[in-house]
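User: Hi! I'm new to this one, could you walk me through it?
Analyst: Happy to. Here it is.

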Amino acid sequence: MWLTLLYSITGGAALLYALYRWLIPAVVQYHAGLALIWHDVIVERILDTVTQSTRPQRILGAVQRNATRGDPRSVVRAIDQYCRNQEWAMNVGDEKGCILDSVVSEVNPATVLELGTYCGYSTVRIASLLPPHAKLITLEFNPEFAVIARQVFAWAGLEDKIQLVEGASGDLIPKMKEQFGVETFDLVFLDHWKDRYLPDTKLMEECGLLRKGSVLLADNVICPGAPEYLEFVRSSPRYESQYFKSHLEYTKVEDGLEKSVFLG
């Protein structure tokens, strides 16, 4: 009897593990809503409870275990490996990250604004490609994320190239010229709250932070989606837009980046 019970418990545990580790992730990776609910709600809460830590803390741990100090690309690889194989996270990811890299290299910006730092993954990608003396300002609303991001920057050896500012984008954008000494941005990477893409773009216009030729690059325009922003940049005569089709980070769900050149 006890042996049968033990076999039942062991078999049940193995089945639950298989569902959690392989079967459910394999199914949800093709469905946007299910993927976000599974990875960004259910799994995150389970791991937070089991490990008594947060996802950003676990990502930092992966960097400290697997990345080489002072090597930004090894930091990026460590986060990608962790998020693809262990725990999903809404970084721009490896696939879309290559598109981000190509745009940064093409623009070769002297001034960059990133809206939404999270754990600093995309910030590291951008900073590692910038020319000497370029200025990169990244805004993060969540102070807990900012603490982790600063440690990721330090591990990558890029803390001197990045200025992380905590606060709401709507409050900070109007202060860019006076407090941060930036007249205009050559490149803006939008990767924060999707409902802030449009109002923050209009705010940058009003504050004169965009010059003719400034490039806006927006992530997650399909999933979770920023339909009002897309409609604006694609219909406005002040922008020339191009969509780069890709996938939601670490899944097979369609997503993409929208590159919009400000025409003045």
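**Loops, a cis bond and rings**

Analyst: H133 sits in the loop between helix 6 (121-127) and strand 2 (135-140); helices (H or I, at least four residues) and strands (E, at least two) are DSSP runs, numbered from the N terminus. This is a predicted model, where local features need pLDDT of at least 70, side-chain atom pairs count only at pLDDT 80 or more, and totals for chains, interfaces and linings use all residues. Residues are numbered from 1 along each chain as its sequence is written, and side-chain values use heavy atoms, leaving out hydrogens and water.

User: Is H133 buried or exposed?
Analyst: H133 counts as exposed because its relative accessibility is 82%. Buried means under 20% relative accessible area, exposed over 50%, partly exposed in between (1.4 Å probe, protein chains only).

User: And what is phi of H133?
Analyst: Phi of H133 is near 70°, a positive value in a residue other than glycine. Most residues other than glycine have a negative phi.

User: New topic: which residues does a cis peptide bond join?
Analyst: C223 and P224, with omega about 0°. P224 is in helix 11 (residues 221-225).

User: How many aromatic pairs are there?
Analyst: A search of the whole structure finds four. Rings of Phe, Tyr and Trp (its six-membered ring) pair if their centres lie within 6.5 Å; planes under 30 degrees apart count as stacked, over 60 as edge-to-face and the rest as tilted. Ring pairs also link F232, Y239 and F262 into a cluster.

User: Are Y197 and Y229 buried or exposed?
Analyst: Both Y197 and Y229 are buried.
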